[in-house]
Protein chains: 2
Amino acid sequence: MEHSLHSSSNHSNQEKLIYFLRSTNLVSATTAREIASNFRAKHINKHDFHLQEGQILNEYLFLDTGFMRAFAHNTEGNEVTTNFYAQNQVVFEVSSFFNRIPSRENIQALTNCSGWYITYEQVNKLFHSIPEFREFGRSMLVQGFSALKIRMLSMITDTAEERYTKLLHTNPEIFQNASLKTIASYLGITDTSLSRIRKEFSRK
Amino acid sequence: MEHSLHSSSNHSNQEKLIYFLRSTNLVSATTAREIASNFRAKHINKHDFHLQEGQILNEYLFLDTGFMRAFAHNTEGNEVTTNFYAQNQVVFEVSSFFNRIPSRENIQALTNCSGWYITYEQVNKLFHSIPEFREFGRSMLVQGFSALKIRMLSMITDTAEERYTKLLHTNPEIFQNASLKTIASYLGITDTSLSRIRKEFSRK
DNA sequence: CAATATTCTTGTCAAATGGCAAGAAATGAA
DNA sequence: TTCATTTCTTGCCATTTGACAAGAATATTG
């Protein structure tokens, strides 16, 4: 490809971030560039943590490449996966970030990751100074909230097998990046059950 | 009570709304009054709907008195309760309201209700003109999101009986206002199971 | 109040899921 | 490549939950 020199060799290429900001249709090209200029690069090695429980999350992260997951511990001390993050998504824990309280969740890189972040103070400054970013921020919040509502409905209504099938179709990347045990807790079942469901499923 | 003439006989008393706006510590007394002045009274009779599926929700409602629930229909056509609303809460469906799309959910009064509402346009106007209301709005969003995350974790981790017990302790009003069938679907179980859990529970 | 409708409980049985443990398979490190 | 570790699968059995249906209890309506 003739433009590969430009697009892949530049280590501070914010193209994807800018494209993402614009994809909501709430931010113009110029403003997207202006917003993006406030973001700084961040790399997280596989297995390392972007957030550990007990900490107050101070970074609003856009994931450029890589794959992450969030998890909490239940009362028995077992890990429960609460979310997965593919590239081109914002990665943050709402409550800790906005309420400035210690997080109950961890956010961990499942592969080597790179992204762009701004701090809490910067987010607020930009919310105040750039109405379009405010709208964008609200949109991210609404989107995350809505997605969780849908997931909750599925949890109440669907069988474990249906939840598995849906996840497989809507988020196949998850199965390339996370262990089955991790996925099982996200689906609200044990790894044993997931294994059996997959066995049943492959029979069809 | 000597002030009862003022507080209970005035049918457009916005005290609770103003108090609620201020309770987040994000809005000053003066601003709270200013914001409240944009809200209009709304009454909903028992069993009537504030929102019906298919509609685009256009009202941001503060529930002054009464009790409501939100529910959706699953693939088999059964009602699944997605939320309960007691007085002194904001009542709205995030996705329909902010994304201007038809709602999948219904919001219904379980008792006679009265509250205060503003329209989508007014919300946006106020978000734009009053930074404190913007903060308030974000806080409501974050709060709802966080509550749902906690509920999801409980759904994954806790047994049906534990979820029942927790709800009984944290939201006893629900049991005074909703049928067991309604509560059961909120807990993600059938009414039969809830009945048995209650039987077990009362034995202790 | 009586009649009707709705909600709640309970029994029986089936299906889904979990707990535990052992072995197979895959992965990672030396 | 080899060894160690982690992940995944599978068997066995217990527990939880659901489906369905009948009857009891409660609420609603005329």
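Guide: In sorting residues by class, Ala, Val, Leu, Ile, Met, Phe, Trp, Tyr, Cys and Pro count as nonpolar, Asp, Glu, Lys and Arg as charged, and the others, Gly among them, as polar. By that scheme, the surface near DNA strand D has 3 nonpolar, 7 polar and 6 charged residues. This is a predicted model, in which local features need pLDDT of at least 70 and side-chain atom pairs count only at pLDDT 80 or more, while totals for chains, interfaces and linings use all residues. Residues are numbered from 1 along each chain as its sequence is written, and chains are lettered from A and ligands numbered from 1 in the order in which they are written.

A residue is near a strand if its C-beta atom, placed from the backbone, lies within 6 Å of it. Of the 16 residues around DNA strand D, those that come nearest are Ser179(A), Leu180(A) and Ser195(A), together with Ala160(B) and Ser193(B).

Helices here are DSSP runs (H or I, at least four residues), and strands are runs of E with at least two, numbered from the N terminus. In chain A, α9 (180-187) and α10 (191-202) each supply at least two residues of the surface near DNA strand D, as do α7 (160-170) and α10 (191-202) in chain B. With 6 residues, α10(A) gives the most to this surface near DNA strand D.

The two chains also touch each other: their contact, which pairs residues whose C-beta atoms, placed from the backbone, lie within 7 Å, takes 25 residues from chain A and 25 residues from chain B. On the side of chain A that touches chain B, the largest share, 13 residues, comes from α6(A).
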